[in-house]
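Look at the two chains and at the place where they meet. The text below begins there and then moves to a few residues of one chain.

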Amino acid sequence: MKRYLLSIALIVSSFTLAIGQNEEAKPKDKPVWAPFESGYLIDNQTTVIQSPKTLEYIIQHKFGTMDNGFSDLFGLYAPGANIRMGLNYSILKNLQIGYGITRLNMYNDFSVKYTIFEQTRRNTIPVAVAVYANMGVDGRNKEVYGLDYKGSDRFSYFTQLIVGRRVNDWLSLQVNASFTHYNKTDSLIDHDKISVGFNGRARFSPQSSILFQYDIPLKIQGIAEHREFTNPSKPNLGVGWEIRTSTHAFHIYVSTADGIVPQHNAMFNQNDWTKGDLMFGFSITRLWSF
Amino acid sequence: MNNRFFSVAALLIGTLMLMAFMVPQEKKKGGPWEIPQEYVTMENTYKDDASLEKYGKQLYMKHCRSCHGNTGEGDGPKARNLEYDPGNLADAAWQDGVSDGELYYMSIIGRDEMPNYESKIVDEEERWAVINYLRTLKK
């Protein structure tokens, strides 16, 4: 019996040793270097989440449309600019929570982002996958909602699945699919919207990149409440320039949608880039590590 | 009376102007670094890892360039606002006098105006990528 047990122990230990040697021979595949410099990409989110215990402050600003040319300096001095100020905090390595407040509709948004997978250098995992969700609370006076007002009318929800890949040293691309729901909309407008998007970053110097995005709200009859789509939301095109420093990311861009909260753009954007409805905007982020 | 007053005033102003040329304009030099022994003898486990070259440069440009300049000579745009001279990282004699571990301590742990980067450059491999890139600045 003793001999039998000893034989088993020897086999098990040699097997364990063999596995150990195998693991040594195959070092752990690490996440790729910086697929994106920031968690933001013009109006979109990236799969990137800052290091744990990092607080991020962001100011996002959109000017008016360029329609009026020099009379309001291509929208820079147009009335109705939209501004959002927000804070994000990375609780864990791949988990971030955030809050922001936007001038348009006085949206208060509460968000969460979770990176499920990070792309690895030897393609063990070929893409990064993240989920972003937020709940918006419309902060305008209740008279906006008419006579049958309920507190829940203010709520809107946005959920997005993001799949990204760092293609090479200078190019990173993402696709996304989103679902938007508004508890209350005008009578002819649907409550739900599915949209898809494509965006990316092309780095041209160690600190600077070109950004681009194209988001398309879909007209899907299967989830529509009406036979015809009244004022369907328009695609959101954006092209920008990103500059990254140790603690800041700056975006200067031209884009179509006037909203900053993503569900607003998916549901209500009426600006049409094919008709020249474009506007300047910028974002500034500041990071503090604790 | 007036002539004498103007002569004395001119002499004083002239003296002050000349003295201005004698006042040192250089930034203060930081004292010698007190580096714990564990860092002095710390081994660079990523030495000669060519795969880190590009990323080391990117990290340097992102975190270090603003003070230390494009080539490490301490002439970045923020350097002029520093109280202490950030030094010349490209200086061969200086580079030869510090070990990789000491360079790691100076770059990642820091002191005074040199910030701590432990929470900004979290991964050990990334930290050594910066150190390796600093070595390439040597002239």
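How many salt bridges does the rule find across the interface of chain B and chain A? In this predicted model, the count is five. One of these salt bridges joins Lys54(B) to Asp169(A), with the closest N and O atoms 2.6 Å apart. Across the interface of chain B and chain A, eight residue pairs are also found in polar contact. On the side of chain B that touches chain A, the elements giving two or more residues are helix H3 (53-63) and helix H7 (124-136) of chain B. Of the elements on that side, H3(B) gives the most, with seven residues.

The extent of the interface can be stated in residues and in area. Chain B brings 18 residues to the contact, and chain A brings 15 residues. Between them the two chains bury about 1400 Å², and 50% of this lies on carbon and sulfur atoms. Within chain B, the residues that lose the most area to chain A are Tyr55(B), Gln58(B) and Lys62(B), which together account for 40% of what that side buries.

Now turn to chain A and follow strand S10, residues 192-203. Arg201(A) is part of this strand. Is Arg201(A) buried or exposed? Its relative accessible area is 0%, so Arg201(A) counts as buried, the limit being under 20%. The side chain of Arg201(A) reaches the backbone oxygen of Pro35(A) at 3.4 Å.

The loop between S10 and strand S11 (208-217) of chain A holds Phe204(A). Phe204(A) is exposed because its relative accessible area, 51%, is over the 50% limit. Phe204(A) also belongs to a nonpolar patch on the surface, together with Ile210(A), Val239(A), Trp241(A) and Ile252(A). The accessible area of these residues together is about 470 Å².

Strand S11 of chain A also contains Pro217(A). With a relative accessible area of 11%, Pro217(A) falls under the 20% limit and is therefore buried. Which residues is Pro217(A) in contact with, leaving aside its neighbours within four places in sequence? They are Lys193(A), Ile194(A), Ser195(A), Ser233(A), Lys234(A), Pro235(A) and Ala266(A). As for Ile101(A), 116 residues from Pro217(A) along the chain, the C-alpha atoms of the two residues are separated by 24 Å.

Definitions and conventions
Residues numbered from 1 in each chain as written. Chains lettered and ligands numbered in written order. Predicted model: local features only at pLDDT ≥ 70, side-chain atom pairs only at ≥ 80, totals over all residues. Heavy atoms only, no water. Helix = DSSP H or I, 4+ residues; strand = E, 2+ residues; numbered from the N terminus. Buried < 20%, exposed > 50% of the residue type's maximum accessible area, 1.4 Å probe, protein only. Polar contact = N/O pair within 3.5 Å; in protein donor to acceptor, adjacent residues only side chain to side chain. Patch = residues over 30% accessible without salt bridge, like charges linked within 9 Å, V, L, I, M, F, W, Y side chains within 5 Å. Areas by Shrake-Rupley, 256 points an atom, 1.4 Å probe, with all protein chains shown as cover. Salt bridge = Lys/Arg side-chain N within 4 Å of Asp/Glu carboxyl O. Contact = heavy atoms within 4.5 Å. Buried area = accessible area lost by both parts, 1.4 Å probe.
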